[in-house]
Amino acid sequence: MTVLNALTVDVEEWYHICDAEPFIAPADWPSLPSRLMIGLDVLLADLAKAGARATFFVLGDAAARTPRAVPSILSAGHEIASHGCSHKQVYKMSPEEFEADLDRSVGILKEQGAGDVRGFRAPEWSIRPDSLWALDVLARRGFRYDSSIYPIRIIGMPAARPGLWRVSSGGGLKRAESPNTPQTAGPDSETPPLCKGRDGWGRCDRKTNLGSVPASTSPDPSLQRRGTEDGGTSTGNWALVEWTPPVRRIMGENVPFSGGLHLRLLPYKTIARWIRELNGQGVPALVYVHPWEMDPDPPRVQLGAVKRFVHYARIGAAREKLKQLLSDFRFAPIGAILDDLDPAALPEGPER
Ligand SMILES: [Zn+2]
């Protein structure tokens, strides 16, 4: 049996880099040259040649500046999902800011013909233990899947379960310890936010603001409904599917290999062997690339030494590695892969 792997693209400009404010301020973004279509056209041509389809997580700010990007992706038969709007890490936003940023991005993508936008990836994999509340926001806003958690140290959540898992109602939030988690319900919010009470995390009682209802035993009715609508079983109260990139456990560390710096640096044979091993167990891998990695001459932002290395080391290798992967493996958009899965049968996250 050939396993379908997920191919994903974070669609953003060369200057959409988290924490690059000392070098390039967001206020200056509109005056910088746009190179989005240069890398995107290269990527779309390579995918068309290989007959592969992918999920494109499009940044609202990039789509607003280059309105032909989304139609080009759609007309090539790919799936559109959201990468937020402002390229700010989720843990730097309040839940209200995050929801507004998310809504703004979806509005832009829909205006450009995207239809239903049901997948999300946070900038810099920024859903982690202190921002797991974002999974609840995504479920409540009707999202089907998220791919924003990286099971690695430094930028991610090393204890997270790699691969595909389901977030049951409140399941992502049971362990949330966010300082941003609101303790009172806003006057306009549809769903009471989570509060930590005697029995753990639960919905805030609007009158008492006590976390009197544990999230795990009394799921939000809107999350229940989502499970049913999407084919969840009668017992399935899952809210959202999460897909984290694969990692290899080497000397006590989770080592990534399917995107970014590691895809560019590791020998192709090693990457292919690890993906083949996963596929041999019937497990699909998730691969990710960026249009700026496909740009033959991307402008270099003067970042700090570590960030510069992570961002630009062997940048030209991304396209070559992807072309090899496209010839050796089968890929599909996340949405298409989920169509053939019963989320109720997936393991539950966020931890192993
Ligand atoms: Zn990004």
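Reader: Which way do helix 4 and helix 5 cross, left-handed or right-handed?
Author: Right-handed. Keep in mind that this is a predicted model.

Reader: Okay, and what angle do the axes of helix 4 and helix 5 make?
Author: Roughly 40 degrees, with the axes coming within 10 Å. That makes helix 4, residues 95-111, oblique to helix 5.

Reader: Why quote both an angle and a distance?
Author: Because a pair of packed helices is described by those two things, the angle between the axes and how far apart the axes are.

Reader: Which residues in helix 4 and helix 5 meet?
Author: From helix 4 you have P95, F98, E99 and L102. Their partners in helix 5 are W133, A134 and V137.

Reader: Where do E124 and W125 sit?
Author: E124 is in the loop between strand 4 (119-120) and helix 5 (133-140). W125 is in the loop between strand 4 and helix 5 too.

Reader: Is W125 buried or exposed?
Author: Buried: W125 has 27 other C-beta atoms within 10 Å. E124 counts as partly exposed, with 18 C-beta neighbours inside 10 Å.

Reader: Where's the cis peptide bond?
Author: It joins G349 and P350, with omega at about 5 degrees. P350 lies in the segment after helix 12, which covers 334-339.

Reader: Let's do helix 1. What span should its 15 residues have?
Author: At 1.5 Å a residue they should span 21 Å, and the end C-alpha atoms of helix 1 (residues 36-50) are 21 Å apart, so the two agree.

Reader: Which residues of helix 1 are buried?
Author: L36, G39, L40, L43, L44 and L47. They cover an arc of only 130 degrees around the axis, so they end up on the same side of helix 1.

Reader: Why does that kind of spacing line up?
Author: An α-helix has 3.6 residues a turn, so residues three or four places apart point the same way.

Reader: And what's exposed on the other side of helix 1?
Author: A45, A48 and K49.

Reader: What do the buried residues of helix 1 pack against?
Author: Strand 1 (4-11), plus helix 2 (60-65), helix 3 (69-75) and helix 9 (291-294). Just after helix 1 comes G51, with a positive phi of about 70 degrees.

Reader: New topic, Y268. Which residues does Y268 touch?
Author: Leaving out residues up to four places away in sequence, Y268 touches K321 and Q324. Y268 itself is in helix 8, residues 268-280.

Reader: How many C-beta neighbours does Y268 have inside 10 Å?
Author: It has 14, so Y268 counts as partly exposed.

Reader: What separates the C-alpha atoms of Y268 and L322?
Author: A distance of 9.6 Å, with the two residues 54 residues apart along the chain.

Reader: Zooming out, how many helices and strands does the protein chain have?
Author: There are 12 helices and 14 strands. Buried residues make up 47% of the 352 residues.

Reader: And what share of the contacts comes from residues 24 or more positions apart?
Author: 75% of the contacts in the protein chain with a separation of 6 or more.

Note on methods
Residues numbered from 1 in each chain as written. Predicted model: local features only at pLDDT ≥ 70, side-chain atom pairs only at ≥ 80, totals over all residues. Helix = DSSP H or I, 4+ residues; strand = E, 2+ residues; numbered from the N terminus. Buried ≥ 20, exposed ≤ 12 C-beta atoms within 10 Å, placed from the backbone. Contact = placed C-beta atoms within 7 Å. Expected span 1.5 Å × (residues − 1). Arc of directions from axis to C-beta. Axes fitted to C-alpha atoms, helices over the stretch in contact; angles between N-to-C directions. Parallel < 35°, antiparallel > 145°, perpendicular 65-115°, else oblique. Left-handed = near helix turned anticlockwise from the far one by under 90°.
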